[in-house]
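Me: Hi! I have a structure open and would like to talk through a few spots in it. Could you help me out?

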Amino acid sequence: MVNKVKKSIALLSATALVFTIAACANKNESSDPSATAPGSASATGQTESQSPEATKVDPFGKYDPPIEITFVGNISDQFEKTTLTDGVTLEDNVWTKAFLDELGIKVKYKWIAKSPEEYQQKLNLSLSSGDIPDVMVLDTAGLQSAIKADIIQDVGGLVDQYGIDEVKKNYTTYNFDPYIAAKNNGKVYAIPQMWSVSDNASGILWIRQDWLNKVGMNPPKTMDDVYAISQAFTHNDPDGNKKNDTFGLAVSKDFALDLGGFFYGYNAYPGTWLEKDGQLINGSTLPETKGAIEKLAAMYKDGQIDPEFYAKPADKIAQDIAAQKLGMMYGFMWNGIYPLQDSRRDHPEADWRPYLIPAADGTIAKPKADTGIAGYYVVNKKFEHPEALVKMMNLLKTLGPKDPAKYSISTDGKEIWKLSPISVPTLEENLSYHKRMNELFEAGGTPANAVEQSVYDKVKKWTDEKDETVWGFYKMLGNGGVGEIAQADIQYYFDNNLWVYNAYRGAPTQTMSDKGATLTTLESEAFVKMIIGKKDMSEFDKFVADWKKLGGDDETREVNEWYSKAK
């Protein structure tokens, strides 16, 4: 599943869908007095000492004379070969020129790594020595370390005070407090690097509609229906080759990821911290998870799941789908592009359709959403212009569609957006493109910019020409209704407030660091043995007892200590 996610992200970036920058303006005003915002912070990250109403500022105010901001960077060999060409560098490119010309901000890098491993090593050294750049991105663990080391400053309220509406929306779109992990002693020590919740949320059940027609069944409305369809796909020769060579449900050794939607159908969320009566409880230990595993065990015993799933990597699912071996898959809105597109290469009759995840009681299940946070922007305690970070965000949100080939993705596929030291993606951008395709195809009109035109052209290739090379693209972003287009399903979850979020958003606790791997192995082995019948379902209670004894109780205590302070 991880490989599938990575491949999808690469594909989406290449078509300028995920990180395209929205709206257009051209601001070049005079110097703006900087104002930090110390003080106690509210749930939104705004401070009491300064508010947007109390101090009017220019969100595009240009520094005169220019100021310098240092960052750290990480580039891949591929990016270096394809984008850092013709004299382009991370310090000299269209984005650094824009920051200097429009805002009076000169971008510099303290160091640039050539691999994720080198980046992490250099970052750890910077944090331990205190020799950090003016602005950098940290994960939750790094953020907590920086707070304890007292090397970063309070940035609470800066987005509210300096941010334009397009930037502020990133922090009010979702039904959770994005600043919660950044809060400490009434201050807010980071501005979250937001990203789309739904892009990698397992909220779709993909089904071979042609197989469903062959076995004479309707789309599922309950989990019992899912079982019955899986059974028919396994035993009723849906591919018509007169061989017993198909399985109802796609499962690999990463079954906890493959089957997210299956668990959600039973209101089960293994590995997720859920709030119950004011306390956080790990979903892996709850009866609902036991019920889902019991059903999987029945499916395995009936032959509906590959008997060697626990030894096969996630990529094997793609191979089996291409080989016409599987009829159902829980997954993501982008699965039409990968791996389902491959199944149509030699079999264009493979009619995969996305459906909302059914729940056991006949309602629609509540899928677990991604955290919506990719990292945290922090500002060196010694840096005098923390508001400059938000001004850069504003400029990112006002350039792009005016000239996407210059600022986003070049005509020859160079990822120009990566030349900026920060990124501010438009949340649920894929969903917004789907909505625009509905508007354009139903009411007519002209695409608003080059990126939208690219999406439109691909969708039109399928609707007009049935071009197989863009079938998956149409399934992801094309025009249509619930049960036909994956994005409409995603919109349904938003409209009905069905997303479930992990209630724990802090850094890894001490026990997670010390015993997390042991607990993960314990869980995986216990669940697999129950699914394949090597352990009776009564062993679930023993697993819970062992989990608690080997560190689960300590983890639970630690996350609840965090939760009591964060609420």
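This is a predicted model: local features need pLDDT of at least 70, side-chain atom pairs count only at pLDDT 80 or more; totals for chains, interfaces and linings use all residues.

Me: New topic, rings. How many aromatic pairs are there in the whole structure?
Reply: The search turns up 25 aromatic pairs. Trp 111 and Tyr 119 make an edge-to-face pair, with 5.4 Å centre to centre and 65 degrees between the planes.

Me: Are Trp 111 and Tyr 119 buried or exposed?
Reply: Both Trp 111 and Tyr 119 are buried.

Me: Which residues form an aromatic cluster?
Reply: One cluster is made up of Phe 255, Tyr 300, Phe 309 and Tyr 310.

Me: What about lysines over rings: which ring does the charged end of Lys 295 sit over?
Reply: That would be the ring of Tyr 227, with the charged end of Lys 295 at 4.5 Å from the ring centre. Lys 391 does this with Tyr 63, where its charged end sits over the ring, 4.1 Å from the centre.

Me: Okay, now Phe 60. Where is it?
Reply: Phe 60 is in the loop between helix H1 (2-14) and strand E1 (67-74).

Me: Why does Phe 60 count as buried?
Reply: Because its relative accessibility is 5%, and buried means under 20%.

Me: How far is Phe 60 from Gly 104, in sequence and in space?
Reply: Phe 60 and Gly 104 are 44 residues apart along the sequence, while their C-alpha atoms are 9.8 Å apart in space.

Me: Last one, E8 and E9. In which sense do they pair, parallel or antiparallel?
Reply: Antiparallel: strand E8 (residues 273-276) pairs with strand E9 (residues 279-282) over four bridges. Trp 273 has Asn 282 in E9 opposite it.

Me: And how many residues lie between E8 and E9?
Reply: Two residues, and the strands form a hairpin. Asp 277, in the turn, has a positive phi of about 55 degrees.

Definitions and conventions. Residues are numbered from 1 along each chain as its sequence is written. Side-chain values use heavy atoms; hydrogens and water are left out. Rings of Phe, Tyr and Trp (its six-membered ring) pair if their centres lie within 6.5 Å; planes under 30 degrees apart count as stacked, over 60 as edge-to-face and the rest as tilted. Buried means under 20% relative accessible area, exposed over 50%, partly exposed in between (1.4 Å probe, protein chains only). A charge sits over a ring if NZ of Lys or CZ of Arg is within 6 Å of the ring centre and within 35 degrees of the ring normal. Two strands pair if DSSP finds at least two bridges between them.
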